[in-house]
Amino acid sequence: LENNELTGTLPSGLSKCTRLRELRLRSNLQLGGTIPPSYGDTLVELVVLYLDRMTLSGTIPTSFGKLTKLQDLQLYENDLGGPVP
């Protein structure tokens, strides 16, 4: 779903995809809001997460500390602040 001109906010419903291993939403410049904390609670099979080049704001959810299988995380070119869990 990279570079598809998606708009709105990140859907919290994606957290129901508990077997998801890769989520690539990068370069959707009109997709923003905050990162749903439920992603870190339920997407524990994620190995790749690309949320860069978007309009995300807020902080990286502390629940991301549960993503122990995550090997590649891209969050640059957003307006995120705070510590990395």
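Modeller: Let's begin with a term: a residue is buried under 20% relative accessible area, exposed over 50%, and partly exposed in between, with a 1.4 Å probe and protein chains only. This is a predicted model, where local features need pLDDT of at least 70, side-chain atom pairs count only at pLDDT 80 or more, and totals for chains, interfaces and linings use all residues. Residues are numbered from 1 along each chain as its sequence is written, and side-chain values use heavy atoms, with hydrogens and water left out.

Colleague: Thanks! Is Glu77 buried or exposed?

Modeller: Glu77 counts as exposed, at 56% relative accessibility. Glu77 also has a positive phi of about 60 degrees although it is not a glycine.

Colleague: Now the strands. How do I read them, and what order do they take in the sheet?

Modeller: Helices (H or I, at least four residues) and strands (E, at least two) are DSSP runs, numbered from the N terminus. Two strands pair if DSSP finds at least two bridges between them. Here, an open sheet of 4 strands runs in the order β1-β3-β5-β7, with parallel pairing. Its edge strands are β1 (7-9) and β7, each pairing on one side only.

Colleague: How many bridges join β1 to β3?

Modeller: There are 3 bridges, and Thr9 has Gly32 as its bridge partner in β3. Gly32 also has a bridge partner in β5, namely Thr55. Between β3 (residues 30-33) and β5 (residues 55-59) there are 2 bridges. Further along, β5 pairs with β7 (residues 79-81) over 3 bridges, and the partner of Thr59 in β7 is Gly81.

Colleague: And charged side chains?

Modeller: Side chains of opposite charge can pair when their charged atoms come close. A salt bridge is a side-chain nitrogen of Lys or Arg within 4 Å of a carboxyl oxygen of Asp or Glu. The whole structure holds 5 of them.

Colleague: Which partner does Lys66 meet in a salt bridge?

Modeller: Lys66 meets Asp41, at 2.7 Å from N to O. Lys66 lies in the loop between β5 and β6 and Asp41 in helix α1 (residues 38-42), so the pair ties together parts that are 25 residues apart in sequence. Lys69 forms a salt bridge with Glu45, their closest N and O atoms being 2.8 Å apart. This pair also links distant parts of the chain, 24 residues apart.
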